[in-house]
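Student: Please show me the structure, and then we can go through it with questions and answers.

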Amino acid sequence: MAAGLHRAAAQPPSCQPGSLIEKAMAANDLPTGRTLAADTVRRRIRIATAVALALSLVLVWRFYVLQVSQYERYQTLSLDNHIRIQALPPVRGLVLDRNGVVLAQNTAVHILQVVPEKVDDLDTMLREVDALVGLTPGEISAFRKRLKKHPAFEKILLKAKLDDVQTATFAVNEYRFPGVTLEAVLHRDYPEGILTAHVLGYVGRISERDQARLDASSYQGVRSTGKIGIEKQYEGALLGRSGFEQVEIDAHGRTLRTINRNSAVPGHSLSLTLDIDLQRVAREALGNRLGAVVAMDPASGEILTMVSSPSFDPNLFVDGIDQASYDALRELDDRPLLNRALYGRYAPGSTIKPVIASAVIDAGVNPQERVYCPGWFTLPDHTRRYRCWRKTGHGPMNLHGAIEESCDVYFYEMGRRLGIDVMAKVLSGFGLGRITGVDLPQEPSGLVPTPQWKRASRNEPWYPGEDLITVIGQGFLMATPIQLAQMTATLANRGIPVRPRILLSEEDPLSGEKFSPPQTQASGQEADRVVDTELDQIIRAMTDVMHSPRGTGRASGRRSPYPIAGKTGTAQVIAIGQDEDYDESVLPKKFHDHALFIAFAPVEKPQIAIAVVVEHGGSGAKAAAPIARKVMDRFFLKRLQRAALADKSNDFG
Amino acid sequence: MISGRALRLDGPLVIALLFLSALGLVVIFSASGADWDVMIRQGIRLGVSLLAMVILAQVSPETLRRLSPHLFLIGLVALLGVLFIGVAAKGAQRWLDLGLVRFQPSELMKLAVPMAVAWMLTRGRLPPGFVTVLAALMVTLIPAGLVVVQPDLGTGIMLIISGMIVVFLAGIRWHHIMMLLAALAALAPFLWSRLDGYQQQRILTLFDPFADPLGSGYQIIQAQIAIGSAGIWGKGWLEGSQSHLEFIPERSTDFIFAVFAEEFGLMGVLMLVILYLFIVGRCLVMAYSTRETYSRLLMGALAMTFFFYLFVNLGMVSGILPTVGVPLPLVSYGGTSMLTLMAGFGMIMGMHSRRRLMT
């Protein structure tokens with residue numbers, strides 16, 4: 001009972017410090033604390049020993065359960081284990097345009113994979129494979145990087161895309177490379193490439209960041225996932241469901257035969273509202289200029305065209321673009337990876353004047369009231385001159401003329417009378433400063449400034465001059481091309497907003513069952529009307545923009561077989577000083593004005609609404625309007641052809 | 001063992017360690033698919049580790065004690081270095097691959113944490129007061145946190161266990177233990193939310209591995225099939241069908257015990273557990289008979305940490321603990337952990353050989 005004695009001896013001093021025993025111990029010249037401590041430690045070591053024994057019994061019990069009690073169950077399972085389960089990746093859904101043209105498909109390609117632990121000497125293997133089929137430095141460094149991140153028994157990609165000759169060459173020599181396998185896989189392919197890059201996006205190899213986000217069990221055997229655009233937005237529909245295959249394997253783990261197969265379920269194919277023909281026309285019309293075109297059906301919100309220039313080849317991204325090419329794309333000043341149609345934020349310039357005009361009428365201003373335009377405007381009690389784009393002035397202007405000829409002075413006066421709050425309200429009513437709700441990822445909202453916003457974000461008051469800058473679509477006001485297209489569609493709908501969308505329908509390729517996306521709110525409901533005013537007189541003015549001899553867009557409205565309502569816009573990129581003139585010939589290109597244009601047609605029962613932005617294009621009438629005209633011409637030509645075709649078949653029928 | 005005494009080694013312990021390591025080589029030979037290269041490489045590592053053990057056995061407890069805080073600070077700086085260099089320059093790992101044995105600061109910490117905690121606690125009166133306990137907790141949690149974010153959850157957990165064992169052996173009062181446990185319970189939901197999705201999945205998988213048989217449950221299921229199908233006597237060396245058909249991922253490293261259990265059955269498991277317990281027990285006896293408190297704390301802590309390696313690994317392989325990456329001590333393939341463990345045993349024997357020289 002040594003332990004008991006120790007305990008008895010140890011306790012009193014800890015209860016009563018300075019007791020006799022402690023003194024006695026001190027007299028004995030024993031370091032008191034240490035001895036007591038030593039005793040405690042010994043006791044604790046005994047407890048620890050007991051814990052270790054108890055935990056060991058738990059382990060032994062566990063192994064007893066596995067190896068004795070449940071032996072027969074696991075015995076059976078292990079025999080079954082000559083059968084290995086392999087994941088079968090699903091075929092990703094196709095993406096088609098509205099007329100059934102294939103925009104994204106899957107093609108079979110051969111890849112080389114390596115199980116590192118089965119390779120005797122990696123360096124020799126790499127050298128010999130390189131001699132045989134050629135490996136780029138990028139492929140080798142990417143392989144080495146993956147090598148570090150994956151366990152040695154896992155398959156690691158070595159070369160992503162072998163052509164026919166390389167495939168054949170390797171196939172004959174495969175026996176020389178244990179651990180290196182040639183496999184046929186489906187590979188995402190975008191036949192229209194740069195035409196659809198921004199809207200469609202692309203798939204890429206599943207990265208570590210994706211892994212954290214994605215549910216691993218839905219991605220069994222799947223190597224890539226949608227990174228941006230439609231491929232990301234509709235990942236769930238496109239992905240499909242992995243299948244499983246039970247295969248019998250021999251003692252070396254080689255597949256002998258397939259026993260059972262639970263086929264993968266292919267992803268749904270998507271039809272988009274895009275018309276690849278219009279897409280091509282818009283792209284060619286933009287040429288090598290920077291900018292964006294968005295056209296939509298104002299009634300349904302279906303987006304017919306969404307083009308951003310410059311573009312890139314999405315096929316580069318499918319196998320994981322190498323870092324150098326990616327950096328090159330990213331660092332270009334032109335930023336080809338940016339979808340300007342969705343993410344580009346531009347001052348809308350004069351294109352918002354029809355919207356402001358609706359607020360002017362709503363506010364009770366007589367549309368016939370004339371404002372004299374001498375070429376500039378000053379606020380009462382201020383000396384600063386706000387200039388009209390026409391230096392010589394427009395003379396007396398009413399609402400109609402001010403839209404037709406885009407008179408800034410008329411709108412300066414109206415901006416002064418309305419004030420920022422009224423303007424902000426009507427601009428948001430037409431969708432600026434809010435996301436349009438289009439079915440693409442991470443849409444930005446643009447900005448409609450208010451005094452509250454300015455106070456909160458910059459801690460500055462709102463100056464009256466900023467009313468004037470805002471009314472002509474400059475200053476803090478920022479809109480994306482898709483917002484401008486939505487605003488135009490709302491005008492075309494006589495004030496009834498619509499939500500743009502890109503998915504036309506989704507189809508299950510197995511059952512042939514079609515799903516349409518749920519009709520979104522804010523489409524064609526009279527109750528949703530954003531202004532009280534009938535917009536007819538504003539639309540008449542917009543028609544005169546295109547078709548009257550004084551209209552700013554007349555050059556692009558000339559000889560149009562269908563009536564167009566439009567509005568030009570030119571947005572300054574830099575501030576021009578009080579006494580300076582804007583002279584394009586002396587300014588560097590990057591300071592040239594952005595050219596904008598919005599239009600819809602036909603004026604009655606509109607079928608297409610379009611917004612065009614050309615960065616540094618100069619004037620909206622010269623640079624942007626012709627692009628819109630080309631797209632609209634093509635659109636109506638196709639309608640006519642289709643109608644004629646239908647007539648003909650009726651004749652035969 | 002005259003020469004053993006001269007080298008300050010403990011005969012029974014060295015024999016048990018050699019026996020266990022040799023067994024490890026045999027299992028690795030099987031797990032690697034009878035690959036001589038792998039076994040020879042591991043054999044060289046074993047040799048280096050034994051050398052480290054002998055060298056460490058020569059260091060006096062007083063030196064170890066004096067070095068404790070310095071070693072801890074060096075380890076802490078190195079851990080921070082890994083954290084930052086790991087972000088800045090990926091090429092920094094290359095020189096590690098060239099060496100025979102890789103240096104990882106987290107391995108150094110496996111020794112430095114218990115040393116530092118023992119050093120700290122023995123500076124004051126024992127049993128430690130609450131403030132001292134909290135300080136010891138910090139000394140443990142800071143390096144463990146740095147290791148967990150590397151990320152290496154398994155080693156981080158083992159660091160915490162080693163530090164806490166020292167505190168326990170030093171006689172932390174039971175009501176303090178209760179308070180710490182209560183605090184842990186209160187923090188549990190927060191810690192759970194901090195775990196990565198896959199880590200949460202691993203814990204959930206424990207309760208129902210068949211919920212995701214091809215994903216997170218795969219490893220556990222395959223390991224259990226391998227173990228369970230072995231029965232009492234096992235399938236025989238190099239005959240484990242599950243291991244050799246490559247159903248078990250990481251069969252040379254963290255899951256090597258599944259290979260062993262498949263080939264040697266419950267008898268083999270019992271024998272191996274007894275061998276481990278003998279090593280742990282021998283070390284605890286040595287700790288018990290050592291008089292100086294620092295030595296005794298450190299020896300006890302190293303021995304118990306060694307036991308917890310075994311417990312966590314076997315628990316994980318047999319499916320009663322979540323899959324955290326903890327190797328089977330002295331058996332799993334890989335040199336760093338073996339080097340640290342052998343160095344620890346060297347220290348234990350060195351302290352024991354001088355047990356009478358200290359007060």
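**Strands, helices and cores**

Tutor: This is a predicted model, in which local features need pLDDT of at least 70, side-chain atom pairs count only at pLDDT 80 or more, and totals for chains, interfaces and linings use all residues. Residues are numbered from 1 along each chain as its sequence is written, and chains are lettered from A and ligands numbered from 1 in the order in which they are written.

Student: In β20(A), which residues point one way and which the other way?

Tutor: A residue is buried if 20 or more other C-beta atoms lie within 10 Å of its own, exposed if 12 or fewer, and partly exposed in between, with C-beta atoms placed from the backbone. Helices (H or I, at least four residues) and strands (E, at least two) are DSSP runs, numbered from the N terminus. All the residues listed here for β20(A) are buried. One way point His594(A), Leu596(A), Ile598(A) and Phe600(A), and the other way Ala595(A), Phe597(A), Ala599(A) and Ala601(A).

Student: Why is strand β20 of chain A largely enclosed by the rest of the structure?

Tutor: The strand covers residues 594–601 of chain A. It is largely enclosed because the number of its residues that are buried is 8 of the 8.

Student: How many bridges join β20(A) to strand β21 of chain A?

Tutor: Two strands pair if DSSP finds at least two bridges between them. On one side of the count, β19(A) and β20(A) pair in the antiparallel sense over 7 bridges, with Ala571(A) as the bridge partner of His594(A). β20(A) and β21(A) (residues 608–614) also run antiparallel, and there Ile598(A) has Ala611(A) as its bridge partner. The number of bridges joining β20(A) to β21(A) is 7.

Student: In the hairpin of β20(A) and β21(A), which residue takes a positive phi?

Tutor: The hairpin has 6 residues between the strands. The residue with a positive phi, near 50°, is Lys605(A).

Student: Which residues touch the most other members of the largest nonpolar core?

Tutor: A nonpolar core is a set of buried Ala, Val, Leu, Ile, Met, Phe, Trp, Tyr and Cys residues joined through C-beta atoms within 7 Å. The largest one has 126 residues, and α17(A) gives the most to this core, with 11 residues. Those that touch the most other members are Val294(A), Ile610(A) and Val631(A).

Student: Which elements do the buried residues of α15(A) pack against?

Tutor: Helix α15 of chain A (residues 353–362) has 8 of its 10 residues buried, so it is largely enclosed by the rest of the structure. Among the buried ones are Lys353(A), Pro354(A) and Val360(A). They pack against α16, α17, α19, α20, α21 and β19 of chain A.

Student: Is Gln86(A) partly exposed or buried?

Tutor: Gln86(A) is found in strand β1 (residues 83–88) of chain A. Residues are in contact if their C-beta atoms, placed from the backbone, lie within 7 Å, and Gln86(A) touches Phe244(A), Glu245(A) and Val247(A), not counting residues up to four places away in sequence. With 16 other C-beta atoms within 10 Å, Gln86(A) is partly exposed.

Student: Which element of chain A has the lowest mean pLDDT?

Tutor: pLDDT is the predictor's confidence in each residue, from 0 to 100. Chain A averages 86, and β21(A) has the highest mean among its elements, 97. Where pLDDT is low, the predicted coordinates should not be read in detail. The lowest mean, 41, belongs to helix α1 (residues 2–15).

Conventions
Contact = placed C-beta atoms within 7 Å.
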